[in-house]
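Visitor: I am new to this structure and would like to be shown around. Could we go through it part by part?

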Amino acid sequence: MVVAHPDDDAYGVAAVVALHLADPEFRFFLVHATDGEGGAIAEGSGATRETLGAVRRVEDANAWRVVGRSPYRHEWFGYPDGGVPDVPFDELVDRVATVLGEERPDVVATFGPDGITGHPDHIRIGEAATAAFLRFAGDGGPGFRRLVYGVIRQSVIDRWNQRRVKAGLTAWDPDTVYHLRGVPDERIDIDIDTTGVALLVRRAMQEHRTQWNDMNNPEATEEQRVKSVSRETQVIAWPPVRPSRVLTDVFEDL
Ligand SMILES: [Zn+2]
């Protein structure tokens, strides 16, 4: 998986890993473009602005320990948090491509053009991961069989927005940076039922202590938070031909 910040991997992909814990052939590696040192610092987390990046690396490792499987390779590029779009694009693609070329994974997961929240770091690392993937896809070698983008289905965003408005909050606006945005339900190619591992995912999310407020949406009950990680949805960016039905696992039909 190729993402921007420690905790981007806490959603969704943690559930996919948890679902494959018993699979001896399953392995995963992670690329983080930044240490997330510009992020929030929750009260009581013990981090300071100076230590946040280092603390978040440890939190990320702790979260994977809770899931029960750690990445066999974890690359931290160490670019400035919020500064990924300022990295020369070719350099970013080259660095991702170096890792991908060494590992030749079957499936690569990253952000799509919506960045889920419109965060410029998410969008740019997704673009770089896509460009790097396309250097290898279809080259006749092993791996590179599917590129997926993590997304939220629009009907879920609509439901959350109803709840937000009821609570007196503004609805998520897809044109505002850092607001959640969805993709049309009919665009979903992979719809994974992660109910069986949702509690485990929630426990792993708690390890991102500096990000407490993001991980524990105060408007939601714990039951609703568990429900929010009980389903993982993705669109398939490559190969270009969409499957004839909605798949239920990232590896299905490979
Ligand atoms: Zn992020």
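Guide: Let us begin with a term: a pocket is an open set of grid points with protein on both sides within 12 Å along at least five of seven lines. Please also note that this is a predicted model.

Visitor: What is the volume of the second largest pocket?

Guide: The volume of the second largest pocket is about 540 Å³.

Visitor: Which residues lie nearest its centre?

Guide: Phe 26, Arg 27, Asp 106, Val 107 and Phe 251 lie nearest the centre of the second largest pocket, out of 24 residues that line it. Two or more lining residues come from each of the elements α1 (13–19) and β4.

Visitor: And β4, which sheet does it belong to?

Guide: Strand β4 belongs to an open sheet of four strands, ordered β4-β5-β7-β6, in which the pairing is mixed. At the edges stand β4 (107–111) and β6 (190–193); each has a single partner strand, so one side of each is left without a neighbour in the sheet. From one strand to the next, the twist averages 35°.

Visitor: How many bridges join β4 to β5?

Guide: Five bridges join β4 to β5 (residues 146–151), and these two strands run parallel. Within this pair, Val 108 stands opposite Leu 147 in β5.

Visitor: Which helix packs on that sheet?

Guide: Helix α5 (residues 120–136) packs on the sheet and touches β4, β5 and β7 (231–238). The direction of α5 makes about 155° with that of β4.

Visitor: Let us turn to the metal. Which residues are the protein donors of the zinc ion?

Guide: They are His 5 through ND1, Asp 8 through OD and His 122 through NE2, at 2.0 to 2.1 Å from the zinc ion. Along the sequence, the spacing of these donor residues is H-x2-D-x113-H.

Visitor: Are His 5 and Asp 8 buried or exposed?

Guide: His 5 has a relative accessible area of 7%, and that of Asp 8 is 10%. Both count as buried because the limit for that term is under 20%.

Visitor: What about the sheet of three strands, in what order do they come?

Guide: The order is β1-β2-β3, in an open sheet with parallel pairing. Its edge strands, β1 (2–3) and β3 (73–79), each pair on one side only. Two bridges join β1 to β2 (residues 29–34), and Val 3 stands opposite His 32 in β2.

Visitor: Which helix lies across those strands?

Guide: Helix α3 (residues 89–103) lies across β1, β2 and β3, and runs at about 175° to β3.

Visitor: Where is Gly 82 found?

Guide: Gly 82 is in the loop between β3 and α3. With a relative accessibility of 43%, Gly 82 counts as partly exposed. Leaving aside residues up to four places away in sequence, Gly 82 touches His 119 and Asp 121.

Visitor: And how far apart are Gly 82 and Thr 34?

Guide: Gly 82 and Thr 34 are 48 residues apart in sequence, while their C-alpha atoms are 8.3 Å apart in space.

Visitor: One last topic: how many cavities of 30 Å³ or more are there?

Guide: A search of the whole structure finds one. The largest cavity holds about 50 Å³ of space.

Visitor: Which element gives the most to its lining?

Guide: Helix α2 gives the most, with four residues. Both α2 (52–67) and α7 (198–205) supply at least two residues of the lining. Among the lining residues are Asp 9, Trp 64, Met 205 and His 208.

Definitions and conventions. Residues numbered from 1 in each chain as written. Predicted model: local features only at pLDDT ≥ 70, side-chain atom pairs only at ≥ 80, totals over all residues. Heavy atoms only, no water. Donors = N, O, S within 2.8 Å, 3.2 Å for Na, K, Ca; no water. Buried < 20%, exposed > 50% of the residue type's maximum accessible area, 1.4 Å probe, protein only. Pairing = 2+ DSSP bridges. Axes fitted to C-alpha atoms, helices over the stretch in contact; angles between N-to-C directions. Contact = heavy atoms within 4.5 Å. 1 Å grid on protein atoms, 1.4 Å probe; cavity = no way out; pocket = protein on both sides within 12 Å on 5 of 7 lines; lining within 4 Å. Points joined across faces, edges and corners; volume = space filled by probe spheres on them.
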